[in-house]
Amino acid sequence: QAKEQGRGMFQFYDVRLTERAKERLFLESELREALVREELLVHYQPQYSLADDRLIGAEVLLRWHHSEHGIIPPDKFISIAEDTGLIVPIGEWVLQTACRQAKTWLAAGYDFQRMAVNLSGVQIERSDMLATVRQVLKDTGLPANYLELEITETYIMQQAQQNIRIMEDLRALGVALAVDDFGTGQSSLGYLKRLPVDKLKIDRSFIMDIPQDSNDMAITRAIIALGHNLHLTVLAEGVETAEQSAFLKELGCDEAQGYYYSRPLEAASYERFLKKRPASVA
Ligand code: C2E
Ligand code: MG
Ligand code: MG
Ligand code: MG
């Protein structure tokens, strides 16, 4: 009886695995075409300064608009793009698109301060990021100080020594660097103090249960203090309520993004949030 049941369960598991594998294979071949068919697009999520509720910039978030399957979120295809190496051309396209957009907003006289772009560890390993970033800034004419690159804590800590050198080179170009999903990646504090970064982004998982979870509140408080003691800017991601925003403001957290402020937007919608720069007194 037990054996029978066991076998049944195994079969069930097997079918599901096959299905997932099939979906992966399908997405993999489709993803190869996506760039050519121009099915990729990006959304821009507003980021705010907490002290004065000012819009300061945007995080660029990749989307795939598949002709039959609609919008496919990055969690479904980034890992496939990484495994196949497709993340290299895709990431370059994202960077180019984001920098061109930032330059356009600046040229139009909007008060736009920063475009934050996610980098995958695979891009750093398999391509010359320094050369790519330098070339994209040159091609688009975007001054380096308007670009921020986000790298996850998990990836940075995997080969901290090696990554520190690459990050130093990127920073020497004048771009800012942020540690993404901070708090989930087992940072060694010894490395953290040596990381050439400007910002910590507190992972959404610590924010989402504030104020119900007092442990999360303690962790958030500690990360903000740690960041400030290391002279880093601290941004909280995934802020969804007025209460969370007020709590973070009270703790002196510098910046925030999340559905409370805005969901990721198409460029045209983001533009409606932008204000013209005050006319310079000539
Ligand atoms: P991430 O960089 O940590 O981005 C934040 C994610 O949280 C985004 O999901 C965003 O839409 C979502 N989010 C923002 N505010 C809230 C909120 O208040 N509540 C909730 N529940 N979610 C919120 P998204 O766009 O699905 O992206 C997921 C992940 O995919 C990103 O996490 C990033 O790791 C990766 N990703 C996105 N675009 C790119 C890209 O161009 N390149 C690379 N390498 N990775 C990317
Ligand atoms: Mg990010
Ligand atoms: Mg994040
Ligand atoms: Mg994330």
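The model is predicted, and local features need pLDDT of at least 70, side-chain atom pairs count only at pLDDT 80 or more, and totals for chains, interfaces and linings use all residues. Residues are numbered from 1 along each chain as its sequence is written, chains are lettered from A and ligands numbered from 1 in the order in which they are written, and side-chain values use heavy atoms, with hydrogens and water left out.

Next, show everything around ligand 1. There are 23 residues around this ligand, and Arg63, Asn118, Asp180, Glu240 and Tyr259 come nearest; a residue is near a molecule if one of its heavy atoms lies within 4 Å of it. By kind, the shell divides into nine nonpolar, five polar and nine charged residues.

Now look for polar contacts, which between ligand and protein are pairs of N or O atoms within 3.5 Å. A backbone N or O atom of Leu62 is 3.1 Å from a nitrogen atom of ligand 1, an N or O atom in the side chain of Arg204 is 3.0 Å from a nitrogen atom of the ligand, and a polar side-chain atom of Asp180 lies 2.9 Å from one of its oxygen atoms. Taken alone, ligand 1 exposes 800 Å², of which the protein buries 85%, with accessible areas taken from the Shrake-Rupley method with a 1.4 Å probe.

Asn118 lies in strand β4 (residues 114-118) and Asp180 in strand β6, so the pair ties together parts that are 62 residues apart in sequence.

The protein donors of ligand 3 are Asp180 (OD), Asp181 (OD), Glu237 (OE) and Glu237 (OE), lying 2.1 to 2.4 Å from the ion. Asp181 is in strand β6 and Glu237 in the loop between β8 (233-236) and α11 (242-250), so this pair ties together parts that are 56 residues apart in sequence.

Finish with two backbone features. Most residues other than glycine have a negative phi, and most peptide bonds are trans. Select Asp53, in the loop between β1 (40-49) and β2, which has a positive phi of about 50 degrees although it is not a glycine. Then move to Pro211, in the loop between α9 (204-207) and α10 (214-229), where the peptide bond from Ile210 to Pro211 is cis, with omega near 5 degrees.

Conventions
A polar contact is a pair of N or O atoms within 3.5 Å; within protein, one must be able to donate a hydrogen and the other to accept it, and residues adjacent in sequence count only if both atoms are side-chain atoms. Ala, Val, Leu, Ile, Met, Phe, Trp, Tyr, Cys and Pro count as nonpolar, Asp, Glu, Lys and Arg as charged, and the others, Gly among them, as polar. Helices (H or I, at least four residues) and strands (E, at least two) are DSSP runs, numbered from the N terminus. Donors are N, O and S atoms within 2.8 Å of the metal (3.2 Å for Na, K and Ca); water is not among the atoms, so sites may look incomplete.
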